[in-house]
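Welcome! Open the structure in your viewer, keep the selection panel at hand, and follow along stop by stop.

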Amino acid sequence: MTDKLVTSIYDVTKSFKDPITNIKLNQDNKNINIVCKDGKAFISLNIDSKFQNQYQNLIADLKKSIQKIDDILSVNVVLTSEKLNEQDNKQDWRFKIKSKNIIAIASGKGGVGKSTFAVNYAVALKNIGYKVGILDADIYGPSVPRMMGISGKPQANDDNKLVPLESYGVKCMSIGFLISVDTPAIWRGPMVMKALEQMFNGVEWGELDYLVIDLPPGTGDAQLTLAQSSKLSGSIIISTPQDVALIDARKGINMFNKVNVPVLGIVENMSYFICDSCNQRHEIFSNGSVKKEAEIFEIDFLGEIPINKNLRILSDEGRPACIADPNGDIANIYSSIATKIHQKIN
Ligand SMILES: Nc1ncnc2c1ncn2[C@@H]1O[C@H](COP(=O)(O)OP(=O)(O)OP(=O)(O)O)[C@@H](O)[C@H]1O
Ligand SMILES: [Mg+2]
């Protein structure tokens, strides 16, 4: 009877997902444990304690649904975080950095505006008052130095560590300083891991509140290496509203789910266009599709960024929009996203 009840409870829980990892709460999920005694159900869910506030709705919904099962007299759902914390402490991350938060900016498809987002997000965080670093991990075409208006290369200090170049108060390092874009693809794979490790362990980052990582497009070596070797707080997925970008964004979300990196949310870039002459909002692509995708994946929709000529021109000039016009509409979108993420993870 009791075993049958546990199975019935799993039948209910399997249609729920962990709101942070997005993994289903089914029998294969090691983080959920169900015990049933004399009609009393005890459900414990192992979570990362940092995110406990995000679980309150899930607890209420689970209770409501499980209570409906015949022969269940009471339901108790508790959150635990022992195992994960233990794992965190025990896990000796190979890539070490003194940063309270490490956020990876990702997309499946290239050219959707990751680097533009990464740079403006980093500057928005700095404007709020955090100590910020930005790491350009795009092995196929590093663009952060150009967008941050940096020229020159970082020098090594007495400890033989590279000192990041600073621009607009943000510390910047680019993998482009270590690997040339012209390096043949065959050499890149094995070099990526080494170069990424050097970007963490071989750089004098000091103490940071945020390290923002601009990833290359896709789901390749750089993404996996970072997820497995550094303690990422989570990823932000950038997508444009077209289907092709969304299909690739889905691949990115699935990859992060597989390697247990929380997807903190998704941003719709090049969402709409406000015409200079008529001041009307034009939905060039089917606007709103990224928001729908977020609902399907049950991840947070963080906001929409319009197509903005200035954003592109300023990027090319090495002046992020959040610097050129810190109180403008575009800067406000970035700082509201920065605040949302900060509240979610702290
Ligand atoms: N919201 C926007 N409005 C106008 N132009 C934009 C916007 N976002 C990005 N761009 C422009 O689109 C181009 C591609 O952006 P970006 O380099 O940030 O994309 P990416 O995803 O990092 O590309 P890659 O995959 O090559 O690294 C750039 O010229 C950039 O200035
Ligand atoms: Mg880029």
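The model is a predicted one, in which local features need pLDDT of at least 70, side-chain atom pairs count only at pLDDT 80 or more, and totals for chains, interfaces and linings use all residues. Residues are numbered from 1 along each chain as its sequence is written, chains are lettered from A and ligands numbered from 1 in the order in which they are written, and side-chain values use heavy atoms, with hydrogens and water left out.

**Stop 1: the domains.** Select residues 2-82 for domain 1, then 99-345 for domain 2; these bounds come from an automatic or database domain assignment. Their C-alpha centres are 35 Å apart.

**Stop 2: where they touch.** Domain 1 brings 8 residues to the contact and domain 2 brings 12, contact meaning heavy atoms within 4.5 Å. About 900 Å² is buried between the domains, 43% of it from carbon and sulfur atoms. Buried area is the accessible area (1.4 Å probe) that two parts lose on being put together, summed over both. Now select Asn22, Lys50 and Phe51: they supply 47% of the area that domain 1 buries against domain 2, more than any other three residues. How many salt bridges are there between domain 1 and domain 2? The count is 0, taking a side-chain nitrogen of Lys or Arg within 4 Å of a carboxyl oxygen of Asp or Glu.

**Stop 3: ligand 1.** Show ligand 1 and the 18 residues that surround it, each with a heavy atom within 4 Å. The closest are Gly111, Lys114, Ser115, Thr116 and Pro306. Zoom in on Gly111, where a backbone N or O atom lies 2.8 Å from an oxygen atom of ligand 1. At Lys114, a polar side-chain atom is 2.9 Å from a ligand 1 oxygen atom.

Technical notes: Polar contact = N/O pair within 3.5 Å; in protein donor to acceptor, adjacent residues only side chain to side chain.
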